Amino acid sequence: METNRQKKVAGVLQRDLVDVIQKALMQAGVKNIIVSVSKVNVTTDLSQAKVYISIFPHAKADEILKEVKAVKPFIKHEIAQRTRHQLRRMPELQFYVDDSLEYIDGIDKSLKGTEDPIENPDLLPRRKKS
């Protein structure tokens with residue numbers, strides 16, 4: 001269960017990370033990509049922060065994540081400068097791709113698809129997880 005302090009720190013980091021990541025990617029020359037920070041989880045001792053970024057189009061997610069990890073020292077420095085009056089120590093940032101939108105899109109496509117397992121029961125074993 002998150003404490004109020006964890007929630008506040010996560011909110012501050014999330015708000016500032018969006019600006020800094022977009023600025024860093026523009027300086028790196030990455031264009032036509034939408035990057036947003038969907039969630040930030042901070043540990044109880046405020047030493048580490050897991051940052052989940054959502055990338056559109058999803059096909060370039062691995063490439064963009066690699067680019068974000070390459071400029072992580074710059075991002076951490078910029079966030080530390082922005083939050084120097086709010087945080088004593090800057091948490092260590094760990095970046096992950098948030099693929100929840102892609103998962104939802106896959107479910108939506110399955111529901112709208114032409115394959116109907118009720119009419120064609122042969123489709124059911126193929127869809128079961130092993």
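This is a predicted model: local features need pLDDT of at least 70, side-chain atom pairs count only at pLDDT 80 or more; totals for chains, interfaces and linings use all residues.

Biologist: Which lysine has its closest N and O atoms 2.9 Å apart from those of glutamate 92?

Modeller: A salt bridge here is a side-chain nitrogen of Lys or Arg within 4 Å of a carboxyl oxygen of Asp or Glu. Glutamate 92 sits in strand S3 and its partner in helix H3, 16 residues apart; helices (H or I, at least four residues) and strands (E, at least two) are DSSP runs, numbered from the N terminus. At 2.9 Å, the partner is lysine 76.

Biologist: Is lysine 76 buried, exposed or partly exposed?

Modeller: Buried means under 20% relative accessible area, exposed over 50%, and partly exposed is in between (1.4 Å probe, protein chains only). Lysine 76 has 25%, so it counts as partly exposed.

Biologist: Which residues do salt bridges with shared partners join into one network?

Modeller: Glutamate 92 also pairs with lysine 72, with the closest N and O atoms 3.7 Å apart. The shared partners make one network of Lys72, Lys76 and Glu92.

Biologist: And which residue does aspartate 19 meet in a salt bridge?

Modeller: Aspartate 19 is in helix H1 (residues 4-27), and its partner is 63 residues away in helix H3 (residues 72-82). At 3.5 Å, N to O, that partner is arginine 82.

Methods:
Residues are numbered from 1 along each chain as its sequence is written. Side-chain values use heavy atoms; hydrogens and water are left out.
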